[in-house]
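Reader: I've just opened this one and I'm new to it. Can you walk me through it?
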Amino acid sequence: MADTLAIGRVSISRVEESTFAVLDPFEVYPDMTPALLEANLPWLAPRFFDRAAARLNLAFQGFVVRTADALIVVDTCVGDCKSRRRASFDQQAWGWLARLEAAGFRPADVTHVVCTHFHVDHVGGNTRLDNGQWVPSFPNARYLFPRAEFDYWASKAGATAMQRTGDYLADSVLPVITAGQAELVAGDHALTAGIGLRPAPGHTPGGVVVDVQSEGARALLLGDVLHTLLQIRYPDWSTRFCVDPVASRRTRLDILRWAADRDVWLLPNHFPAPSAGRVQRWRSGYSWQFAGEVSPVFA
Ligand SMILES: [Zn+2]
């Protein structure tokens with residue numbers, strides 16, 4: 001897709017907050033070795049890996065799903081003015097909400113917001129600063145939060161895990177609940193005709209993917225089931241950020257196996273533009289072909 005993918009009568013647009021060289025591959029993947037990095041550099045660099053920075057390029061973005069009767073934002077990026085531990089997330093001014101509006105999606109028109117999971121880079125734009133107070137960025141939307149996800153991050157274990165990033169629950173989730181706009185939903189949840197949440201546990205305990213079906217076409221918005229194309233090449237690889245790496249692997253393998261046999265678009269949140277693509281079986285893993293491109297990235 002350029003920026004919009006048509007799934008039958010539904011459209012899915014990507015609205016990017018940023019793309020930059022952010023992750024050290026040895027930090028994020030315990031299975032990475034210098035030899036494996038070297039072997040994959042021919043396809044990784046420069047598009048997916050910045051040699052000078054020695055970091056993987058990731059996109060941060062939200063997707064807007066437009067149906068006949070709903071305008072749904074899936075994931076809300078890092079957000080502006082938030083106090084965070086990672087310098088590249090701290091007190092930023094990306095202007096993502098203005099970019100949404102410029103793309104034709106007025107925040108006031110959004111009917112639903114879905115957070116695939118409660119990580120710092122998926123909830124930040126849920127709220128904005130208004131006279132020193134955090135208020136919902138989408139004043140007329142229902143925010144669908146997976147209940148298991150909320151329960152985990154509100155627990156002692158979740159609070160401990162959140163120390164890595166800064167307390168985003170306080171500034172990006174709780175104000176939505178206080179405003180009465182949140183709905184805690186099951187992992188399997190029908191949102192509107194053809195659009196549903198499906199459980200995708202592992203990366204986080206209550207994480208979900210968003211399933212979009214219209215007129216025989218289908219797409220899955222994957223959140224962080226996959227972070228980079230290395231997990232297409234090596235689907236066994238979970239990240240150090242996965243709360244349960246074993247369950248994360250199982251979820252990823254299940255989805256890839258399922259998708260490789262079907263005509264379905266996958267939209268991993270952090271894949272650089274155009275983000276959407278399809279998987280096919282290749283060697284011990286899979287190959288990936290981006291929307292609008294003629295050949296797979298490797299293979
Ligand atoms: Zn993420």
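Reader: Is D211 buried or exposed?
Author: D211 counts as buried, because its relative accessibility is 1%; buried means under 20% relative accessible area, exposed over 50%, and partly exposed in between (1.4 Å probe, protein chains only). This is a predicted model, where local features need pLDDT of at least 70, side-chain atom pairs count only at pLDDT 80 or more, and totals for chains, interfaces and linings use all residues. Residues are numbered from 1 along each chain as its sequence is written, and side-chain values use heavy atoms, with hydrogens and water left out.

Reader: OK, which side chain does D211 meet in a salt bridge?
Author: That's R198, at 3.1 Å from N to O. A salt bridge here is a side-chain nitrogen of Lys or Arg within 4 Å of a carboxyl oxygen of Asp or Glu.

Reader: And R198, how exposed is that?
Author: R198 is partly exposed, with a relative accessible area of 30%.

Reader: Which residues are linked in that network of salt bridges?
Author: D188, R198, D211 and R218.

Reader: How many salt bridges are there in the whole structure?
Author: A search finds 14. One of them joins E183 and R142, at 3.2 Å from N to O.

Reader: Switching topic: what coordinates the zinc ion?
Author: D121 (OD), H122 (NE2), D224 (OD) and H270 (NE2) do, at 2.1 to 2.2 Å. Donors are N, O and S atoms within 2.8 Å of the metal (3.2 Å for Na, K and Ca); water is not among the atoms, so sites may look incomplete.

Reader: Are D121 and H270 buried or exposed?
Author: Both D121 and H270 are buried.
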